[in-house]
Amino acid sequence: MKFGTVDGRLVLLRDGRALDVEHASDGRLPAEPTAALGRWDDLVVWAAGADWTSAQEIPVHRLGAPVPHPRQVFAIALNYRPHAAEAGFEPPESPLVFTKFPSCIVGPLAEVRLPAGKVDWEVEVVAVVGRGGREIARDQAWEALAGITVGQDLSERVLQLTGTPAQFSLGKSHRGFGPTGPMVVSPDELVDRDDVGFECLLGDEVVQSGRTSEMIFPIDELVARLSTVCLLLPGDLIFTGTPAGVGNRRTPPRFLQPGEILTSRVEQVGEIRQHFV
Ligand code: ZN
């Protein structure tokens, strides 16, 4: 299954067409994305036999954030060895977790106004919670997810690194700092759910590339470990970490400037594109 939102309403997506979930289900499923994902098992059953005759052609630029208002947003620091090394840290022994406050979540083509400071890029694969739950076993973890999407963990490094311990969550939560989309692809549609390539381009230059198979803590392990502490709720997002190539570890350091375009891509899912002003 592939799904996203148009004008804040949940739609199934297939071959450039969108099927409005509420309309096509005769109101049995809600339009609001978090509410509809809260009916995950019903949604999956209905989607398998849905009637696509009312589907409409939808240009990709009409798609919004797949989950515009998640209740929880988890994010993982230093989940790729080369990135941990460039940041000057040993690989962590357990996942390092922070949050991007949910008000930073925006859609795939959001324009981002640069705040004061030094704004950096971090392309990430974002896992989207479907059924969710507590104490999810690792071998059941993918069944608790709706799928994956593309995300940018935009980060203002001055605020992020202020104080001891530092302010990871605040420095990564400015307005527009959580672009996501353009759609969620369910695990069964991926060629290999544990090995998905992704990259990020600043203008035409590839600045980051990675594969999810290179994670220190793979997606299923993140779900298992997070769910020992938190109830994972339908629509929650997990930013799963960024590979090497961020701007503040370059020589000389490089940060986003007004007028620049950042494109982030995940294989088999699509791309998001941010213009900075
Ligand atoms: Zn990150």
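Mentor: Happy to! Two strands are said to pair if DSSP finds at least two bridges between them. The strands themselves (E, at least two residues) and the helices (H or I, at least four residues) are DSSP runs, numbered from the N terminus. This is a predicted model, in which local features need pLDDT of at least 70 and side-chain atom pairs count only at pLDDT 80 or more, while totals for chains, interfaces and linings use all residues. Residues are numbered from 1 along each chain as its sequence is written, and side-chain values use heavy atoms, with hydrogens and water left out.

Let's take strand E11, residues 145-152. Eight of its eight residues are buried, meaning under 20% relative accessible area with a 1.4 Å probe on protein chains only; over 50% would be exposed, and in between partly exposed. E11 runs antiparallel to strand E10 (residues 123-129), and seven bridges join the two. Here Val128 faces Gly147 of E11. E11 also pairs with strand E13 (residues 178-185), again in the antiparallel sense, over three bridges. In that pairing, Val150 has Gly181 of E13 as its bridge partner.

Helix H7 (residues 219-226) packs in here too. Seven of its eight residues are buried, so H7 is largely enclosed by the rest of the structure. Those residues are Ile219, Asp220, Glu221, Leu222, Val223, Ala224 and Leu226. They pack against E5, E6, E10, E11 and E16, where a contact means heavy atoms within 4.5 Å.

Two of those strands lead on to the largest pocket. E5 (73-77) and E6 (96-99), together with helix H5 (157-160), each supply at least two residues of its lining, and E6 gives the most, with three. The pocket holds about 340 Å³ of space. Of its 22 lining residues, Ala77, Leu78, Phe89, Gln160 and Phe168 are the closest to its centre. A pocket is found on a 1 Å grid over the protein atoms alone: it is an open set of points where a 1.4 Å probe fits, with protein on both sides within 12 Å along at least five of seven lines, and lining residues have an atom within 4 Å of a point. The volume is the space filled by probe spheres set on the points, which are joined across faces, edges and corners.

Next comes the zinc ion, coordinated by Glu122 (OE), Glu124 (OE) and Asp153 (OD) at 1.9 to 2.1 Å. These donors are spaced E-x1-E-x28-D in sequence. Donors are N, O and S atoms within 2.8 Å of the metal (3.2 Å for Na, K and Ca), and since water is not among the atoms, a site may look incomplete. Both glutamates are buried: Glu122 has a relative accessible area of 5%, and Glu124 one of 1%.

Strand E16 (237-239) also points us onward, as Asn248 lies in the loop between E16 and strand E17 (261-266). Asn248 is buried at 18% and, leaving aside residues up to four places away in sequence, touches Asp120, Arg157, Leu161, Pro253, Arg254 and Phe255.

Finally, E17 belongs to an open five-stranded sheet with mixed pairing, ordered E8-E18-E17-E14-E15. E8 (111-112) and E15 (205-211) stand at the edges with a single partner strand each, so one side of each has no neighbour in the sheet. Five antiparallel bridges link E17 to E14 (residues 197-202), and Ser264 of E17 is the bridge partner of Cys200.
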